[in-house]
Amino acid sequence: MSVPTSSAERERLLANPGFGRVFTEHMVRARWTKDGGWSELQLTGYAPLQMDPGTSVLHYAQAVFEGLKAFQQSDGGVAAFRPDAHARRFRRSAARLALPELPEQAFLDAIDMLLEVDREWVPTAPDHSLYLRPLMYASEVTLLVHPSEDVELLLIASPSGPYFPRGVKPVTVWLSEDFSRAAPGGTGSAKTGGNYAGGLLAQAQAAEKGCDQVVWLDSREHRWVEEMGGMNLCFVFGAERPARLMTPALTGTLLPGVTRDSLLVLGRDLGYATEEGQISVDEWRAGCAAGTLTEVFACGTAAVITPVGTVKSAHGSWTVGDGGAGPVSMRLRQALVDIQRGAAPDPHGWLRHVRVSSGR
Ligand code: COI
């Protein structure tokens, strides 16, 4: 058994957690076998894994994950944001990677179990939350290339601050033409580590070009805008009233972001026209030049909403709006954060409140 963290040590870790560096004291595990199906969920101490070097995931990357957040509520409780939507995406990702689908109730039960026991690790600081990371991997020891007959499920949690330490300061993006993230028929719509590993070199190239993030274009023509790094993109046309939001449609090569979906709903609630469509690089540039495309932002669970200020490519650079964070982006961000923290009503039932046996 691991030694419990003292409250002084926990407070020290929570004061400046960064993103994904600090982990709570417990984790939830389950095992699936081809013959026996899913085991019961098991709550254990957070601990390193021991793995046979022949474990399938180390070779063939048959694995999926999720990322969702739990928030300290203004009434003192704790709630997870849209865990049901994440549970559904976890199932879809698993199906694409030929992994077993975890029943949605088991996904929710795992989150309840971990939040109840590690409730003291939910940060209270603004912009901080408990980032929950469910994952599943091929644990069969074999070098055969086949769907694993033994699978491990884990849920770990990381008290975290903003993904981008600079907060909502606009990022500069590089339009990648040398690399592709996903192609039709591939794994682009699944949340699987290989998509991120394959993006690292493009991200390094973006950094070399003086950019914070890479923007992915379609793999066939390198013309249509798809995503940014590990986040979706949203384009704002027109002045604040009436503004129109457009996010690239889910063609099968994009990740169906839960934040993306939430912002489409909130956008409509706030009176904006919303649309899932397509935009080419030329249209992006021309829209900014004409002043009709007023704001662009990236959205994801980890980064929430991050404005895009400057765009760079092999064919030139341009600024979005005045290069700063736009009013529509900031209004949407506030509306989302207020619901997540219980500071505004939750008309869509997005929060799952956790039963808590001990207060702090
Ligand atoms: C998220 O937004 O939760 C992500 O998964 C992006 C990244 C941290 C992998």
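Predicted model: local features only at pLDDT ≥ 70, side-chain atom pairs only at ≥ 80, totals over all residues.
**Notebook: cavities and the ligand site**

I listed its lining: Leu68, Lys69, Phe71, Phe81, His86, Val258, Thr259, Thr301 and Gln340. I then looked up how much space the largest cavity holds, and found about 60 Å³. I also asked how many cavities of 30 Å³ or more there are. The count came to 4.

**The ligand site**

Next I turned to the ligand. Which pocket does the ligand take up? I found that its space is the largest pocket.

I wrote down the residues around the ligand: Phe65, Tyr131, Arg133, Tyr163, Lys191, Tyr196, Gly230, Gly300, Thr301 and Ala302. I noted that Thr301 is in this list and also lines the largest cavity. I sorted the shell by class and got 5 nonpolar, 3 polar and 2 charged residues.

**Contacts with ligand oxygen**

I checked which atoms lie by an oxygen atom of the ligand. For Tyr131, I found a polar side-chain atom 2.6 Å from a ligand oxygen. For Ala302, I found a backbone N or O atom at 2.8 Å from a ligand oxygen. Thr301 also has a backbone N or O atom there, 3.3 Å from an oxygen of the ligand. On its own, the ligand has 280 Å² of accessible area, and the protein covers 89% of that.

**Where the ligand lies**

Last, I asked why the ligand lies between domain 1 and domain 2. I took domain 1 as 7–161 and domain 2 as 171–340. Both domains give residues to the shell around the ligand, so the ligand lies between them.

Definitions and conventions: Residues numbered from 1 in each chain as written. Heavy atoms only, no water. Near = heavy atom within 4 Å. Polar contact = N/O pair within 3.5 Å; in protein donor to acceptor, adjacent residues only side chain to side chain. Areas by Shrake-Rupley, 256 points an atom, 1.4 Å probe, with all protein chains shown as cover. 1 Å grid on protein atoms, 1.4 Å probe; cavity = no way out; pocket = protein on both sides within 12 Å on 5 of 7 lines; lining within 4 Å. Sits in = over half its atoms within 2 Å of the grid points. Nonpolar A, V, L, I, M, F, W, Y, C, P; charged D, E, K, R; others polar. Domains from an automatic or database assignment. Points joined across faces, edges and corners; volume = space filled by probe spheres on them.
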